[in-house]
Amino acid sequence: MNDTAMNRRTLKPATTLLLTLLLGSAAQGALAQTALDLSTAVARALSSGPDLSTARANLQKAQATAAATAADPTSLITGKLSAQQGLASALLSVQATRLNVMSSVVTGYIAAYETALKVELNASQVTLNTRQLQITQARAKAGTATNLDV
């Protein structure tokens, strides 16, 4: 199955449990009632994930520190440089956290998707086995098969 077909396919309610755990308690109510495609799951995780919220708050703190240090005429160059490095570090932390969240959601989504496909495959196998048993029982009743075949 290609990537676009997988993106269009939505998950069944039983397979959304994994995504509920990944997205956290803030999204549990909405997620438990809604099937998600991959892009929606990633968007929800990015908008409401606690890790990314923390990284963004740290970035705002670093921006405020850098601005205050730059505006202070008594700040030494080392203090200003340290504030700029802290800002760059916080920005990279937001980007790294964003990638980690996206990776976790994609990994969880693929695992849930694979599980849903395995469930469908097993259900089809049960249907096939049931049909084969009915055929063998009919053959045994007609006398063309033995009870061992059943």
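Leaving aside neighbours within four places in sequence, which residues is Val150 in contact with? They are Leu133, Thr136, Gln137 and Ala140. Contact means heavy atoms within 4.5 Å.

This is a predicted model, where local features need pLDDT of at least 70 and side-chain atom pairs count only at pLDDT 80 or more, while totals for chains, interfaces and linings use all residues. Residues are numbered from 1 along each chain as its sequence is written, and side-chain values use heavy atoms, leaving out hydrogens and water.

**Overall fold**

The protein chain has six helices and zero strands. Helices (H or I, at least four residues) and strands (E, at least two) are DSSP runs, numbered from the N terminus. Of the 150 residues, 24% are buried. Buried means under 20% relative accessible area, exposed over 50%, and partly exposed in between (1.4 Å probe, protein chains only). Among contacts with a separation of 6 or more, 63% join residues 24 or more positions apart.

**Confidence**

The predictor's confidence in each residue is pLDDT, from 0 to 100. The protein chain averages 81, and 77% of the residues score at least 70. Residues 1-11 stay under 50. The table gives the lowest and highest mean among the elements.

| Helix | Mean pLDDT |
|---|---|
| H1 (residues 3-8) | 44, the lowest |
| H6 | 94, the highest |

**Helix H6**

H6 covers residues 77-142, which is 66 residues. The expected span is 1.5 Å times one less than the number of residues. Gly143 follows H6, with a positive phi near 90°.

**H5 against H6**

The axes of H5 (residues 50-71) and H6 come within 8 Å and cross at roughly 160°. Axes are lines fitted to C-alpha atoms, for helices over the stretch in contact, and angles run from 0 to 180 degrees between N-to-C directions. The two helices are therefore roughly antiparallel, a term for angles over 145 degrees. Among the residues making the contact are Leu52, Ala55, Leu59 and Ala62 of H5, and Ala83, Ala90, Val94 and Thr97 of H6.

**The segment after H6**

Val150 lies in the segment after H6. Val150 is partly exposed, at a relative accessible area of 44%. Twelve residues along the chain separate Val150 from Ala138, and their C-alpha atoms are 9.5 Å apart.

How values were computed
Angles under 35 degrees count as roughly parallel, over 145 as roughly antiparallel, 65 to 115 as roughly perpendicular and the rest as oblique.
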